[in-house]
Each structure stands twice: as structure tokens, then as C-alpha cells.
2 protein chains.
Amino acid sequence: MTKASRSKAIENAAPDGRASDAIVERIQEQILSGTLLHNTPLPSERDLMERFSASRTVVREAVATLAGRGLLEAKPRYRPIIRKPGFDTALNTVGSIVQLMLQHQQGAESLFESRVFVERGLVRDAATSATRENIAELKEALAANEAAIMDFDAFYDTDMDFHGVLYTIPGNPIFPTLHSAYTTWLAPHWRRMEGSPEFNRKSYASHLAIYTAILERDPDAAEEALVTHLNVSWSSVGPTFAPK
Amino acid sequence: MTKASRSKAIENAAPDGRASDAIVERIQEQILSGTLLHNTPLPSERDLMERFSASRTVVREAVATLAGRGLLEAKPRYRPIIRKPGFDTALNTVGSIVQLMLQHQQGAESLFESRVFVERGLVRDAATSATRENIAELKEALAANEAAIMDFDAFYDTDMDFHGVLYTIPGNPIFPTLHSAYTTWLAPHWRRMEGSPEFNRKSYASHLAIYTAILERDPDAAEEALVTHLNVSWSSVGPTFAPK
DNA sequence: GCCCCAATTTGGTCGGTCCAAAGCATTCGG
DNA sequence: CCGAATGCTTTGGACCGACCAAATTGGGGC
């Protein structure tokens with residue numbers, strides 16, 4: 001462990017390494033600086049190999065790397081499309097790995113626990129500092145949720161939306177991203193859960209409890225309601241993960 | 001635009017796409033199943049092209065993809081090393097993008113805010129449910145922190161450690177990973193901050209306040225102490241980020 | 001037995017080639 | 001005159017064979 005510093009020094013001293021890295025760097029820079037516009041296709045590979053005077057192999061490798069980082073969206077047979085990075089891009093790149101960890105072992109449970117942790121904090125904050133607008137949005141999402149009790153798919157969507165509103169309250173762009181990450185990662189399993197009007201009614205009641213607690217500026221009650229709500233949900237969804 | 005539906009149908013029906021994807025999948029499977037052992041080097045490319053009866057180009061592409069996902073650690077001129085994925089792997093893959101967003105704009109502030117949010121939850125939980133062992137660890141970390149007040153580097157390390165203990169309390173592997181992510185991402189800027197025994201003494205006092213609040217099972221006081229502590233820290237570190 | 005050096009392995013890069021699908025323009029039919 | 005079918009060109013995906021330099025390995029010399 002202690003000699004890590006030395007090895008790090010050596011690795012840092014690597015002089016050139018890959019040729020593609022230089023190209024990656026330059027393209028990345030151009031994307032960030034706006035020389036290469038967002039949502040436009042990348043120049044053709046043969047064009048790039050001329051600009052950087054490199055072989056197509058290297059250009060290809062560079063493109064692949066950028067795509068792996070999420071700066072390019074490379075569909076199989078189409079031109080890669082420029083994607084300026086945001087928090088969503090970051091979350092996307094982890095997606096494939098998270099997916100792996102969800103499949104077996106208790107990775108899914110860890111992830112869900114983290115979600116409970118986050119939302120507990122969110123509802124507490126909401127209870128103490130939600131603005132009039134936040135509350136109006138919550139109310140609206142709640143109404144939509146109630147209206148969808150009889151429709152499984154719609155209820156799922158409005159459920160997500162209600163929780164999603166909570167993630168917007170802090171005004172930090174990381175949270176909405178986190179929310180969409182949680183939902184997309186857990187969605188396939190969630191969909192596998194059987195739904196019933198009765199179950200939906202219970203869920204709605206939980207949402208209502210959370211909402212009222214926020215209205216009454218009672219963080220503890222809000223947190224409590226949220227925890228019981230999510231625990232119930234988990235008892236329905238958890239079993240759909242492979243026990244391995 | 002309207003014909004997008006047709007093209008999407010076609011793309012969806014694409015049976016093979018990339019040839020490397022098949023190889024990626026098989027290697028990934030072997031890594032997960034343990035056929036390819038953790039921390040051992042991957043077979044040579046020429047070996048792999050024989051096993052999968054594919055060209056070296058494709059094999060190389062597959063390896064690059066795996067490396068991008070974090071399942072392989074590919075240093076420039078060495079054999080790629082198998083890495084079984086964990087939450088740390090996931091965090092690593094986002095690293096490069098997060099790094100980008102830290103450089104300019106207020107991405108750094110968003111990230112720091114999220115850290116404050118997380119640690120607020122952590123100290124609350126610690127205050128309500130820390131075990132005897134947790135508290136012992138905290139006490140130990142606190143003592144080490146105090147002993148290092150005169151040494152800038154040592155104080156930085158023990159500071160990290162103290163906060164790190166908080167991340168271990170929930171017993172969820174995601175949190176320690178998150179902690180190391182936060183520290184590695186923010187470290188370069190943190191190091192740029194000038195330290196003084198006086199400043200360290202104040203930080204230590206904050207840590208002590210957090211610790212006592214946890215001891216007294218007072219979540220609100222613990223959260224309060226944590227928030228003021230981190231706000232002070234940010235006022236020192238924040239300015240080191242490029243204002244764009 | 002240990003260290004140093006040569007032979008071999010192996011990853012990185014290159015140029016060229018072939019193929020199939022995407023893009024584009026032209027033409028043909030209504 | 002406009003829209004759809006058609007043929008040509010561009011472009012990404014894959015393969016091959018080769019070369020180079022660094023990493024690894026296996027001896028051989030001290």
C-alpha cells in the first residue's frame with residue numbers, strides 16, 4: 001500500500017502510450033469548446049484520419065474511446081453523433097455495469113437502499129424548505145397519481161413522476177439525473193411486479209401521507225411515511241431479483 | 001422525421017450489428033462466471049482471435065470495449081487485467097466525465113452540494129443508529145485527526161478518514177465507494193487549498209462537534225455541525241475552481 | 001545462485017482491401 | 001410538376017499481412 005505512491009509516479013511518467021489518446025484529447029477538446037457542435041454527426045473516419053494524419057485504425061480506436069466515454073453516440077452503422085457531456089451522460093456510462101450488478105447478488109438491494117437513503121433526505125428537505133411552487137407541483141403529481149389508480153401503466157408513470165418532483169426540489173441538476181438513473185435501472189424489475197388497484201390505492205395513500213407531512217412542515221413524519229412506503233414497494237419488487 | 005419509425009424498426013431488427021459485441025458478451029460472461037479469474041491477465045490477442053475465430057481487429061475492439069466498461073484494466077503496453085465489476089468499477093468509469101464537468105461551470109458546486117446532502121443523511125443515521133463499534137471507530141479517527149493538526153498532509157488524510165467512517169456506518173457498500181469517489185474527484189482542488197494549524201484546529205473542532213452530537217444521539221445537532229463544517233470547507237476550496 | 005543480455009512474444013500502428021448499408025441524385029411514372 | 005423507384009457514391013465494419021518497439025522469458029556468464 002505504501003509503495004503505491006512510487007508506482008503512481010512511474011505510471012504517471014508514461015511518455016506517450018497510445019497514439020489514439022492524443023486524438024481523443026483533441027476531439028474531446030473540440031467538442032467541449034463547441035468547435036464540433038452538439039447533436040451533429042462527426043466527420044467521416046477517412047476525413048478524420050487526414051486531419052490528424054493518422055491511420056484509420058487509430059482514428060477508429062479514438063472514436064470508440066470517445067463513444068465509451070459517452071461523448072459520442074455511435075450507432076452500429078451510422079455516423080457517430082456528438083454529445084456534449086452532462087450529468088446524464090455520466091450516469092449513462094455506468095449503466096452497463098450497474099445492470100450487471102443488479103442481475104445477481106444483493107447489488108440490487110444495495111442500490112435500492114441507497115435510493116431510500118436519498119429520498120429520505122429529499123423529503124426532509126422538502127418538508128423544511130419546499131417553495132410554494134414545489135408544493136404545487138407535488139399536488140399536481142399527486143392528483144395525476146390518484147387519477148391513474150385503475151390503470152397499471154399510467155399509475156407506474158405517475159408514481160415515478162411524483163417521486164421525481166422530490167428530486168427537483170433541491171435545484172441541483174444531479175438529483176433529477178439520479179432519479180432517472182434509478183428509474184431506468186430498476187424499471188425492468190419493477191415492470192415485472194404485478195399491480196392491482198388495491199396495491200395502487202395503498203401506494204397513493206402513502207404518497208398522500210408524504211405530501212401532507214411536507215405540507216405540515218414535519219420532516220420526521222415525511223421521512224417516516226417515505227420509508228414505510230418504499231419498504232412496502234421493495235417487498236413487492238425485491239423478490240423479482242435473482243436470489244443467486 | 002415520420003419515417004423514423006420505419007428506420008427504427010429496421011435498426012431494431014438488425015440481427016448482428018457489430019461482430020465485436022458477440023465477443024464482448026462472451027468474455028464478459030466468462031469474467032462474471034469466474035472462468036477468467038479476477039486480477040489475472042487476459043490471454044494474448046492472438047490467442048483470443050483463435051478461440052473466437054475472429055480477426056485481431058475485432059478482438060482488439062472487443063477488448064477496448066470491455067476496458068471502457070471497466071471490466072478490464074488496459075495499461076498501454078501491458079496485458080489487460082481482468083477486473084470483476086464492483087461499485088468501485090462503476091464509479092471509475094464515470095470518473096473521466098465527472099472530471100470534465102468539474103473543470104469549468106458550477107458542476108463542482110453541484111457535486112459538492114450532493115456530498116453535503118449525503119453526509120447530512122449519514123450523520124443523522126449515525127446519531128440514531130450508530131453501534132458501539134461505529135462510535136469507537138469515529139473516536140479513533142477523531143484522535144488521529146487531532147494528533148495531525150500540525151501536519152498538513154496528515155491532517156488531510158485523517159480528515160478524509162473521519163468522514164470515511166461515516167460512510168461505513170450504513171453497511172451498504174455503495175457508500176464507501178461514494179466516499180472514495182468524492183475524495184478522488186475533489187482531491188486535486190482540495191490539495192490546492194492552503195492549510196494552517198489554525199484552520200486545522202477549527203476543522204478538528206467541527207469534527208469533535210459532530211462526534212459529540214452523534215454520541216448524544218442528537219441528529220439535528222449532528223446535521224447542523226456537519227453543515228457548518230462543510231460550508232466552511234467549501235468557502236476555502238470553492239474558489240480554486242475555475243470561475244469559467 | 002544471481003544478474004544481465006538476447007530471443008521470443010505480444011501489443012500498437014499502418015496500409016490496403018472487400019463488403020454491405022446509408023446517403024444522394026437522378027430518372028421514371030403518374 | 002411532384003413523388004417514388006432506381007442506380008451511383010460515400011462511409012462504417014471487418015479482415016489480412018506486416019512491421020516496430022516494448023515486455024517477457026529463458027539462458028548463459030559471472
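A polar side-chain atom of R18(B) lies 3.0 Å from a phosphate oxygen of DNA strand D. This is a predicted model, in which local features need pLDDT of at least 70, side-chain atom pairs count only at pLDDT 80 or more, and totals for chains, interfaces and linings use all residues. Residues are numbered from 1 along each chain as its sequence is written, chains are lettered from A and ligands numbered from 1 in the order in which they are written, and side-chain values use heavy atoms, with hydrogens and water left out. Chain B can be laid on chain A with an RMSD of 0.2 Å. Sugar and phosphate supply 62% of the atoms of DNA strand C within 4 Å of the protein, and 67% of those of DNA strand D.

**DNA strand D**

- Within 4 Å of the protein, 67% of the atoms of DNA strand D are sugar or phosphate.
- S55(B) places a polar side-chain atom 2.6 Å from a phosphate oxygen of DNA strand D.
- From chain A, an N or O atom in the side chain of R79(A) is 3.4 Å from a phosphate oxygen of DNA strand D.
- Two or more residues of the surface near DNA strand D come from each of α3 (45–51) and α4 of chain A, and α4 of chain B. Helices are DSSP runs (H or I, at least four residues), numbered from the N terminus.
- α4(B) gives the most to this surface, with 4 residues.
- By class, the surface near DNA strand D has 4 nonpolar, 4 polar and 10 charged residues. Ala, Val, Leu, Ile, Met, Phe, Trp, Tyr, Cys and Pro count as nonpolar, Asp, Glu, Lys and Arg as charged, and the others, Gly among them, as polar.

**DNA strand C**

- DNA strand C is surrounded by 16 residues, and the closest are A19(A), V58(A), R56(B), R60(B) and P76(B).
- Of its atoms within 4 Å of the protein, 62% belong to sugar or phosphate; the rest belong to bases.
- R60(B) has a side-chain N or O atom 2.4 Å from a phosphate oxygen of DNA strand C.
- S55(A) has a polar side-chain atom 2.6 Å from a phosphate oxygen of DNA strand C.
- For R79(B), the distance from a polar side-chain atom to a phosphate oxygen of DNA strand C is 3.5 Å.
- α4 (56–69) of chain A, with α3 (45–51) and α4 (56–69) of chain B, each supply at least two residues of the surface near DNA strand C.
- α4(A) gives the most here, with 3 residues.
- The surface near DNA strand C divides into 4 nonpolar, 3 polar and 9 charged residues.

**Symmetry of the two chains**

- Superposing chain B on chain A takes a turn of 180 degrees and a shift of 0.0 Å along the axis. The two copies are thus related as by a two-fold rotation axis.

**Interface of chain B and chain A**

- 40 residues of chain B are in contact with 40 residues of chain A (heavy atoms within 4.5 Å).
- About 3300 Å² is buried between the chains, and carbon and sulfur atoms give 67% of this area. Buried area is the accessible area (1.4 Å probe) lost on putting two parts together, summed over both.
- The rule finds 4 salt bridges across the interface (a side-chain nitrogen of Lys or Arg within 4 Å of a carboxyl oxygen of Asp or Glu).
- E61(A) and R60(B) form a salt bridge, at 3.8 Å from N to O.
- The elements of chain B that give two or more residues to the side touching chain A are α2 (19–33), α4, α5 (87–103), α6 (107–129) and α9 (174–192).
- α6(B) provides the largest share of that side, 12 residues.
- That side of chain B has 19 nonpolar, 10 polar and 11 charged residues.

**Salt bridges overall**

- Over all chains, the structure holds 20 salt bridges.
- In chain A, E45(A) pairs with R60(A) in a salt bridge, with the closest N and O atoms 3.4 Å apart.
- E45(A) lies in helix α3 and R60(A) in helix α4 of chain A, so the pair ties together parts that are 15 residues apart in sequence.

Note on methods: Copies are superposed by least squares on the C-alpha atoms of residues with pLDDT of at least 70 in both. A residue is near a molecule or strand if one of its heavy atoms lies within 4 Å of it. A polar contact is a pair of N or O atoms within 3.5 Å; within protein, one must be able to donate a hydrogen and the other to accept it, and residues adjacent in sequence count only if both atoms are side-chain atoms.
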